[in-house]
Amino acid sequence: MPRITVNGEIIEVPDGRTILQALDDVGLLMNGVDIPHYCWHPKLSIDGSCRLCLVEVEGIPKLQIACNTSVQEGMAIRTDTERVRKAREGVMELLLVNHPLDCPICDQAGECKLQDYAYEYGVEASRTREPRRALKKNVDLGSTIKFDQERCILCRRCVRFCSEIPGTGELRVFNRGDASVIDVHPDFPLENDYSMNVADICPVGALTTQDFRFKIRVWFLEDAPGICTGCSNGCNVHIGVANNKVYRYVPRRNDDVNDTWICDSGRMSYKQIGGGARLKEAGVRGEAGRLENTGYEAAVREAAKRLRSMIEEHGADSVVVLASAHATNEDLFTLRRLSDGLGAGADGVAVVQGKSDALLIQADKAANAAGARALGFGPAGPVLDRIRDGRAKAAIVLGHDLLDESHLGGTEALEGLDLLIVLDVQQSALHKVADVVIPVRHAAEKYGTLTNHAGRVQRVEPAVEPAWEAWSDGEVLTLMGQALGLEGFEDGYDPAKISEWMSERVSAFAGVHLRVVGDQGRPLPGERA
Ligand code: SF4
Ligand code: SF4
Ligand code: FES
């Protein structure tokens, strides 16, 4: 570990790294040591083109770029001298020579690095009289990204992203020298599973997403930490919220899970949180065969009452339980205890399968498939067999993934059940055949943990409140457990306590629970995740 001096402070940094990388590794970059930079990005190759990261290195006459100067034992760096400041002002003046200065109508305003550094290092008036370059504006690069070529500062982050991360290489530099521009070939648009990350890494307003642009000014948004629930990778996201509404997901850095990226499909999954497809009313099917809105708590109690009569009539093994891999570990631990307490005939979890790749996207299309399995929920097959062959008379079903083609493929088989209790976030064909329907919270609306495909347990917490009555699955199941008089449900549902209890009772979770996982998650014992 070389020892270097930065602005008079001695710090130890990893060997074989450049100054920016080393400061990033020890968490000091832009967090105690401010070195402005455009072209450098922690997860891309070094370009060294923008020249904004100039610093003084003792013993070297010329200023050096921090992104491509390796640290050495005893190196002394100054990032805050008058000479460094003058150099940055010069770089900023050049970058602004052709910039359209359309901040008032630019959707990047508020999170634009050109705007930020122009305030800090910019000169107040332009010294050029020549007209600025007129280039392409408001161009579709593909189905997800809009491009404003005039705003581009040619940092080439987007070019390196496309060639180095998805490996698709759509964005290129065309022409040379001061005629250089970023673009795509007309017959090779920007279309890959990670395309929208280019808007996150573009330091200016040249690349913006079709989905988010002009929806809201970013200074009205608050970022809440969250986990994408689109697949079992569990990518970390910032949930952009204003007035209890979710406007976007952007990646939240976690080097053990998703680096600084998320896939496009996961990014768009924020729409499920407040969308029109949410299940909003609890209902109980009455004698006329219609779902009647009985109120939330009454529906939960009615579910327990009907379940008790089914058990009295047909025995506990006529009940089957199907977990949702979208629910939290704490929800599922509560379901596990309910299933065991009832003596259910079978339980399992239905997980929808889909596309995967070698980067982030996992085949399990739910955030907590690994957690469900660690809590002893096996494949859905034995549960679905009991439903199909009539051995099951009553079913408690979380979510609607059992309707996928790979499982039941529809609701027909469920019509043979005498009692179907459904807890779900979204509307589906299930609630048309269910006897009791109970809306529950999305992972972005509750406390708990999710276990990703690699065994990393990650925390979720409420970013928004549902505008209708909805509890977490664990709360609903706890009330049902209480109404059925089962042991272990007396104390109600406190996710932090349930999480600790789970870590004491389930060896797979030993020592890992809500209070200790932190904002970057923690691997289960024996996992490297
Ligand atoms: S479009 Fe953005 S990311 Fe790409 S080179 Fe221009 S400024 Fe950099
Ligand atoms: S890879 Fe999976 S978890 Fe990550 S953003 Fe995409 S869908 Fe979400
Ligand atoms: S960040 Fe160092 S040259 Fe661009």
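A charge sits over a ring if NZ of Lys or CZ of Arg is within 6 Å of the ring centre and within 35 degrees of the ring normal. Keep that in mind for the next two contacts. One note first: this is a predicted model.

Start with arginine 248. It lies over the face of phenylalanine 212, 4.5 Å from the ring centre. Next, arginine 337. Its charged end sits over the ring of phenylalanine 489, at 4.6 Å from the centre of that ring.

Now rings with rings. The count comes to seven aromatic pairs. Take tyrosine 117 and tyrosine 121. Their ring centres are 6.4 Å apart and their planes stand at 55 degrees, so this pair is tilted. Where do the two sit? Both are in helix H3, residues 113–121. They are four residues apart there, so about one helical turn separates them. Buried or exposed? Tyrosine 117 is buried, and tyrosine 121 is buried too.

Another tilted pair joins tryptophan 219 and phenylalanine 220, with 6.3 Å from centre to centre and 55 degrees between the planes. Phenylalanine 220 has 54% relative accessibility, and the cut-off for exposed is over 50%, so phenylalanine 220 counts as exposed.

Back to the tyrosines for a moment. Tyr117 and Tyr121 belong to one aromatic cluster with Tyr38.

Last stop, ligand 2. Where is it? Ligand 2 sits in the second largest cavity. Which residues surround it? Among them are Cys228, Cys231, Cys235 and Cys263. Gly230, Gly234 and Gly266 are also in the shell, as are Asn233, Ile262, Leu360 and Ile361. By class, that shell holds seven nonpolar residues, four polar ones and no charged ones.

Methods:
Residues numbered from 1 in each chain as written. Chains lettered and ligands numbered in written order. Predicted model: local features only at pLDDT ≥ 70, side-chain atom pairs only at ≥ 80, totals over all residues. Heavy atoms only, no water. Phe/Tyr/Trp six-rings, centres within 6.5 Å; stacked < 30°, edge-to-face > 60°. Helix = DSSP H or I, 4+ residues; strand = E, 2+ residues; numbered from the N terminus. Buried < 20%, exposed > 50% of the residue type's maximum accessible area, 1.4 Å probe, protein only. Near = heavy atom within 4 Å. 1 Å grid on protein atoms, 1.4 Å probe; cavity = no way out; pocket = protein on both sides within 12 Å on 5 of 7 lines; lining within 4 Å. Sits in = over half its atoms within 2 Å of the grid points. Nonpolar A, V, L, I, M, F, W, Y, C, P; charged D, E, K, R; others polar.
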